[in-house]
Amino acid sequence: MSQVGTTPEGVPIILLKEGTRQSRGRDAQRNNIRAAKLIAEIIQTSLGPRGMDKMLVDSLGDITITNDGATILKEIDVQHPAAKMMVEVAKATDSEVGDGTTSSVVLAGALLEKAESLIDDDIHPVIIAEGYKKASKKAMEFLTEITINVEPKDKEILEKIANTSMQTKLVSIEATDLAKLAVDAVLAVIEEKNGTFRVNLDNIKIEKKTGGSISDSELVSGIILDKEIVHSGMPRKIENAKIALINEALEIKKTEFEAKLNISSPNQIKSFMEEENQMLKDMSNKIKSTGANVVLCQKGIDDIIQHYLSKEGILAVRRIKESDMTKLAKATGGRIVGRVDDLNDTELGLAENVEERRVEEDNWVFIEGCKNPKAISMLLRGGTQRVIDEADRSMHDALMVVKDVIEKPKIVYGGGAPESFIALKLRDWSKSLSGRDQLAVEKFADAMESIPLALARNAGMNPIDTITQLRSKQSKGEKFTGVDVINGTIADFEKLGIIEPVKVKEQIIKSATETANMILRIDNVVASSRSSAPPQGGMGGMPGMGME
Ligand code: ADP
Ligand code: MG
C-alpha cells in the first residue's frame with residue numbers, strides 16, 4: 001500500500017510518518033465489518049433468559065462472571081478500531097437506558113453482516129447507510145403501532161418491567177425478589193415536577209455485603225454507612241434521632257502559619273491545655289444545645305470531643321464521604337453546616353432510628369425510618385462476591401428500566417415480538433420503494449430478526465423453524481407473538497406478560513443503526529505506528545481481526 005504520492009514531475013511526497021499503516025477501500029470496509037461482526041458473535045450467545053454467561057479474566061487474574069453485554073465488552077480488551085466502536089454502542093445504550101446493551105450490539109452486527117452482501121453486489125456503502133437510516137426512522141413509527149401506554153406509577157407494571165430485565169441475568173425467584181426492591185427503591189425517590197416524574201438514581205445508595213442469600217437483600221428508608229460509631233462509650237442506638245450534619249473537623253484548628261509558643265513554666269502548659277480542652281468542650285456543648293443526639297461528620301472528630309459527646313449520650317460517626325453526606329441530607333431532611341457555630345435546631349435531620357448493627361464481620365451504622373426520604377439505601381446480599389456483583393449489575397439494569405418507564409410510560413411486549421413485527425412491516429413498506437433503497441430496507445428487516453433468531457438459538461430451539469412460524473403468526477396480525485424461550489415454543493407475549501420499556505427498544509434501534517452506518521462510511525483506516533491498535537495481524541490474540 002502506498003503512503004507516498006508523487007508530484008506531476010515524479011517527485012515523491014511523503015504524507016505519512018514512517019511505520020504508519022493504512023488500509024483503504026474495500027479492504028478497510030471488509031476488515032471493519034469483520035471485526036464488528038466478531039464482537040456481535042461473541043455477545044449474542046448471552047442474549048435473553050437462556051443466554052450464557054461469560055467468564056472474563058483480566059490481566060491481574062481477577063475473574064468476572066457476567067451476562068451483561070456492557071460489562072462483557074468493558075472487560076475484554078478490544079484493539080481493533082471498528083470493534084471499539086461496537087463497544088461504544090453498548091456503552092451508549094447502557095448509560096442512556098441501562099438495558100438492551102446486548103441487543104444493540106447484536107443488531108449492529110447483523111446490520112453490518114447484511115450490508116456486506118449488498119457491498120458484494122456492488123452497492124455503495126453510503127447508499128446502504130442512507131437506506132438504513134430511512135429504515136430506522138420508519139421502524140420507530142412501526143414501533144408506535146405496538147406501543148402501549150401505562151400509568152407511570154403502576155406498581156404491577158413496573159415490577160413486570162424490572163422482572164423481565166432481571167430474568168435474563170438471575171435465577172427466577174431471586175429476580176422476582178430483587179425486582180420488587182428495585183421498584184420500591186425508585187418509587188421512594190421519585191420527584192414530580194409539573195405533572196411529569198423524574199428519577200435520579202444517585203439518590204439510591206447501594207451497599208453490598210457477602211453473606212446470606214440474595215433474598216436477604218433489603219431496602220432501608222434512610223442511609224446505610226459502612227462506618228462504626230467513633231467512641232465505645234457512645235450509645236449504640238438512638239431512637240427519634242435528631243441529626244447534626246457537619247462538614248467541619250471537630251477539633252482545634254491548626255493555625256495556618258507556624259507559631260512558636262514560649263512557655264516558661266509548667267503552669268503555662270497547663271493553662272494552655274485547659275484552654276484547648278475548654279474550646280472542645282464548648283463545641284460539644286454547642287452541639288448539645290441544639291438538641292442534636294446524633295452527629296454525622298464529614299471530617300475527623302478529636303478524641304476529647306468524642307469523650308464529651310459520649311458523656312452527653314450523643315452518638316457520632318466521622319469521615320463520612322461527601323456523596324453520602326448529600327444523601328444523608330436528602331434522606332433526613334437536614335442541612336449540612338460548614339461550622340458548628342452555625343448549627344441550630346432547624347437544621348437537624350430526623351430519623352426514627354440510628355443504630356450500629358453487625359453486618360457479617362463489620363459494624364455499620366443504619367440511619368432509618370426517615371419520613372419521606374428523598375434518598376434511600378439498598379443492602380444487597382449474596383453468597384459470594386461474584387453473585388453479589390452480578391446482582392448489582394442486574395439491579396442497575398432494573399432500576400434503569402423502571403426509571404425509563406416512569407419517565408416515559410410506554411411499553412411493548414418482549415421476546416423478540418417487536419423486532420419481528422417491525423421486520424414484517426418494513427418488508428411491506430420496502431415494496432413501495434425503488435431499487436437500492438428497497439434492498440437496504442429489506443436487509444434492515446432481516447437484521448431486526450437477528451434478535452428473535454438469537455433468542456431461539458440460545459434456547460436450543462431450531463432458529464429457522466422458529467422464525468418461519470413467527471413470520472407466519474405475525475403476518476396473520478398476531479403482533480405480540482415472540483419466542484418463548486422458557487417453554488421452547490413461540491407464544492403470545494401479551495399473555496405471558498413479559499414487557500419492556502419502549503425507550504429501550506428505541507435506543508437499541510437508534511444506536512445500532514448509527515454505529516453500523518458509521519462503520520459503513522469508513523473507507524480508509526490510518527493507524528499510526530505508536531497506536532496501540534496493531535494494523536496488521538495480531539488483534540489482541542483474536543484470529544482474523546487484522547486490518548490487512
Ligand atoms: P439486553 O442486554 O439486550 O437487555 P438480555 O440478555 O437482557 O439482553 O435479553 C433481552 C431480550 O430477552 C429482550 O429481547 C427480551 O424481550 C427477551 N426476553 C426477556 N425475557 C424473555 C422470556 N421470558 N422469553 C423470551 N424472551 C425474553
Ligand atoms: Mg436486559
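Okay, so let's start with the shell around ligand 1: its residues split into 8 nonpolar, 11 polar and 4 charged. Here Ala, Val, Leu, Ile, Met, Phe, Trp, Tyr, Cys and Pro count as nonpolar, Asp, Glu, Lys and Arg as charged, and the others, Gly among them, as polar. Bear in mind that this is a predicted model, where local features need pLDDT of at least 70, side-chain atom pairs count only at pLDDT 80 or more, and totals for chains, interfaces and linings use all residues. Residues are numbered from 1 along each chain as its sequence is written, ligands are numbered from 1 in the order in which they are written, and side-chain values use heavy atoms, with hydrogens and water left out.

So who is in that shell? There are 23 residues around ligand 1, and the closest are Asp99, Thr102, Ser103, Gly415 and Glu500; being near takes a heavy atom within 4 Å. Helix H4, residues 101–120, gives the most, with 3 residues. (Helices are DSSP runs of H or I, at least four residues, numbered from the N terminus.)

Now the polar contacts, meaning pairs of N or O atoms within 3.5 Å. Ser103 has a side-chain N or O atom 2.6 Å from an oxygen of ligand 1. For Thr102, a polar side-chain atom is 2.8 Å from a ligand 1 oxygen. Gly48 uses a backbone N or O atom, at 2.9 Å from an oxygen of ligand 1. Ligand 1 exposes 570 Å² taken alone, and the protein buries 97% of that, going by Shrake-Rupley with a 1.4 Å probe.

Methods:
Polar contact = N/O pair within 3.5 Å; in protein donor to acceptor, adjacent residues only side chain to side chain. Helix = DSSP H or I, 4+ residues; strand = E, 2+ residues; numbered from the N terminus.
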